[in-house]
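Here is a short briefing to read alongside your structure.

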Amino acid sequence: MKILIIEDDAAAAAYLVKALREAGHSPQHAADGEEGLSLAQGESFDVLVVDRMLPKLDGLAVVERLRREGNRTPVLILSALAQVDDRVAGLRSGGDDYLTKPYAFTELLARIEALVRRTAPAAAETVYRIAGLELDRLSHCVTRDDTEIILQPREFRLLEYLMRHAGQVVTRTMLLENVWDYHFDPQTNVIDVHVSRLRAKIDKGFDRPLLHTIRGAGYVIRDSGR
Amino acid sequence: MTAVGRLLRTTAFKLALGLLGVFTLAAVVALLYGVWQASRLVQGQIAEAVDTEISVLEEQFRLGGLRQLVVVVEDRSRQANSLLYLVTSPAGEPLVGNIGALPPGTIGKPGTSEVPYSRADSDIIARDDAYVRVSQLAGGFRVLVGRDLGERRRVAEVITRSVLGALALVVIVSLLGGFFVARRVLHRLDAMTATSRRIMAGDLTERLMVTGSGDEFDRLALATNAMLDRIGILMGELKEVSDNIAHDLRTPLTRLRNRAEEALRTARDEAGWRAAFEGIIEESEKITRTFEALLLIARAEAGAVRDHMASVDLRALATDVVELYEPVAEEAGFRLELNAAQDVHVHGHRELLGQALANVLDNALKHARRADEAGQVVTVLVEADESSACMTVRDRGQGIDEEDRARVLERFVRLESSRPGSGLGLSLVAAVMRLHDGTLQLMDGDPGLRVIMEIPRLKAVLPKRLHKAP
């Protein structure tokens with residue numbers, strides 16, 4: 001993936017570029033808002049990672065300008081402003097996701113990959129399939145190897161989100177935000193318990209587990225048996 | 001600017017000046033009207049006197065002919081302050097009367113007119129015109145009766161003089177009044193400004209003077225003083241918080257550093273390094289969480305998030321949060337019960353209210369366990385009446401001693417320092433309640449603890465009305 005990082009802190013940017021390259025992407029770096037804007041205007045990127053507070057041109061202004069010009073490249077806004085309302089402002093300006101500093105690199109990577117997937121046509125499918133697991137978004141019916149699995153509504157949404165991002169790591173905060181629509185700090189490992197309940201329903205009794213825990217990052221649903 | 005200049009620029013003085021202008025205009029209009037009315041009255045009296053005299057003379061002429069008329073007119077002309085008389089022959093020759101001169105043709109046209117004249121005993125044209133009436137008698141004779149209009153002028157003059165005099169007095173008094181009021185206002189304002197300057201210079205203990213008269217300046221001073229009190233409290237809290245932050249961030253930062261140093265010293269293999277780094281990341285996460293909780297409290301206290309408040313259904317919110325915590329509670333050996341009979345709409349901040357309820361629930365799950373009991377119930381109750389809405393979380397644990405209840409709301413206070421936590425959970429809940437003009441109460445659950453979050457509902461009229469509609 002071609003990723004443009006607009007970040008004024010040189011150390012943070014160097015770390016991001018290196019880590020993203022190791023993860024198999026091709027990142028490019030701009031040190032201020034104006035440079036970032038002209039790079040984003042001149043080339044086509046898969047995703048933009050934009051720091052909110054930038055010299056010369058503010059990060060939100062960069063995103064607004066790009067959106068006005070019809071540029072629909074997914075944008076992840078990075079910010080030291082953590083509050084819900086700053087988040088709202090960030091998303092309103094045209095950002096697609098918002099991540100607060102300090103962040104875990106795994107979280108950033110997971111969100112970038114989720115953003116690119118979101119714009120892919122797969123999101124529009126009505127039936128998600130992984131190995132023998134099938135989820136019908138219209139009839140809300142879940143089966144594995146043709147055996148019906150009864151899920152609670154929230155478990156269904158949890159599985160739906162995981163399957164939409166099949167093969168990608170999704171973090172606990174991503175799940176809280178997208179499945180529960182809350183952005184607060186739940187204090188305890190509430191999400192883990194929900195996921196392990198779901199796992200008990202979809203993986204128990206089958207020889208090939210699909211829902212995996214990625215240590216220090218989150219969860220992924222994928223068929224790793226083959 | 002001179003002292004007088006400042007006086008003249010005060011609102012009080014300008015107001016006095018403006019009112020004065022309005023009143024002067026009204027007085028002038030009233031004056032013109034009064035003069036006009038008085039003139040009409042006097043004019044009417046003059047006309048009536050002249051008309052009566054004419055009919056008397058006509059009667060004399062009818063009874064005694066020209067001779068009698070002449071006798072009567074001669075007699076009346078000689079009286080002091082007499083009316084004006086003139087009798088003329090058919091050829092227009094004056095026969096008798098006390099008028100010296102009249103504009104030519106006056107006697108020729110019967111009816112009334114206002115003309116200049118002079119008396120027979122003087123050559124000077126009278127100062128005022130006369131109101132005259134000419135009557136045609138039998139045989140071509142004519143009789144004229146008139147009266148000087150000076151009275152009309154004098155009445156108008158008297159009225160004008162008295163009103164103008166009064167007006168002058170009013171103007172002087174108003175200017176003086178405005179001046180003194182403005183000076184008083186300036187005096188108070190100068191005192192307030194001076195105090196404000198001293199406060200700005202750093203003396204936050206100063207207060208504006210309150211005279212006790214209850215006037216608008218007192219009200220302003222009281223409000224300003226209340227604001228200063230609040231600022232003083234906030235400043236104090238801020239200082240306390242920054243001290244606490246310094247303490248509570250320094251401690252984990254020290255631990256972070258210690259771990260790194262220890263790893264440098266002792267780690268020999270990859271597993272050792274890995275464990276050290278994981279520990280470091282964990283510590284940094286703790287610091288971040290503490291920091292975020294503090295920021296959130298600051299935000300809620302500053303009220304800046306009020307713009308993002310909207311109608312929130314507490315039942316839906318509690319349902320979400322209870323559902324989120326239910327599996328964790330079950331794992332910890334609790335049963336979560338939600339008791340919410342109806343939708344409860346309040347004007348609030350969904351995220352912050354959710355965080356508040358989550359914090360309280362989290363506390364209950366962490367601390368309510370009693371060693372001898374298993375399968376405890378934690379109840380979340382959402383209820384409302386006309387004026388307020390309540391979210392209550394009740395556990396059946398060991399509760400909190402009465403003397404500790406106020407203390408746990410303070411920042412960084414942890415009753416069980418061995419348990420994990422930042423000591424900010426309940427402080428945040430309290431801040432969120434303050435943001436909603438609500439209260440946070442800790443009550444004895446007998447056994448256990450009842451945490452009551454109460455929010456006034458004054459702003460939630462609309463959903464209630466919708467609710468009542470058939």
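Predicted model: local features only at pLDDT ≥ 70, side-chain atom pairs only at ≥ 80, totals over all residues.

**Salt bridges in chain A**
- D223(A) and R208(A) meet through their side chains in a salt bridge, 3.1 Å from N to O.
- D223(A) lies in the segment after β12 and R208(A) in the loop between α8 (190-203) and β11, so the pair ties together parts that are 15 residues apart in sequence.
- R208(A) counts as partly exposed, at 32% relative accessibility.

**Salt bridges in chain B**
- In R188(B) and D218(B), the closest N and O atoms of the salt bridge are 3.2 Å apart.
- Helix α3 (residues 150-200) holds R188(B) and helix α4 (residues 216-266) holds D218(B), so parts 30 residues apart in sequence are tied together.
- Both R188(B) and D218(B) are buried.
- D229(B) and R207(B) form a salt bridge of 2.8 Å, N to O.
- This pair links D229(B) in helix α4 with R207(B) in the loop between α3 and α4, 22 residues apart.
- D229(B) is partly exposed at 39% relative accessible area, and R207(B) is partly exposed at 29%.

**A negative patch**
- D401(B), E402(B), E403(B), D444(B) and D446(B) form a negative surface patch.
- D401(B) sits in the loop between β12 (388-394) and α8 (402-405) of chain B.

**Strands in chain A**
- β11 (residues 211-214) pairs with β12(A) in the antiparallel sense over four bridges, with I214(A) opposite G218(A).
- In the hairpin of these strands, G216(A) takes a positive phi near 75°.

Note on methods. Residues numbered from 1 in each chain as written. Chains lettered and ligands numbered in written order. Heavy atoms only, no water. Patch = residues over 30% accessible without salt bridge, like charges linked within 9 Å, V, L, I, M, F, W, Y side chains within 5 Å. Areas by Shrake-Rupley, 256 points an atom, 1.4 Å probe, with all protein chains shown as cover. Salt bridge = Lys/Arg side-chain N within 4 Å of Asp/Glu carboxyl O. Lys, Arg positive; Asp, Glu negative; His and termini not counted. Charge placed at Lys NZ, Arg CZ, Asp CG, Glu CD. Helix = DSSP H or I, 4+ residues; strand = E, 2+ residues; numbered from the N terminus. Pairing = 2+ DSSP bridges. Buried < 20%, exposed > 50% of the residue type's maximum accessible area, 1.4 Å probe, protein only.
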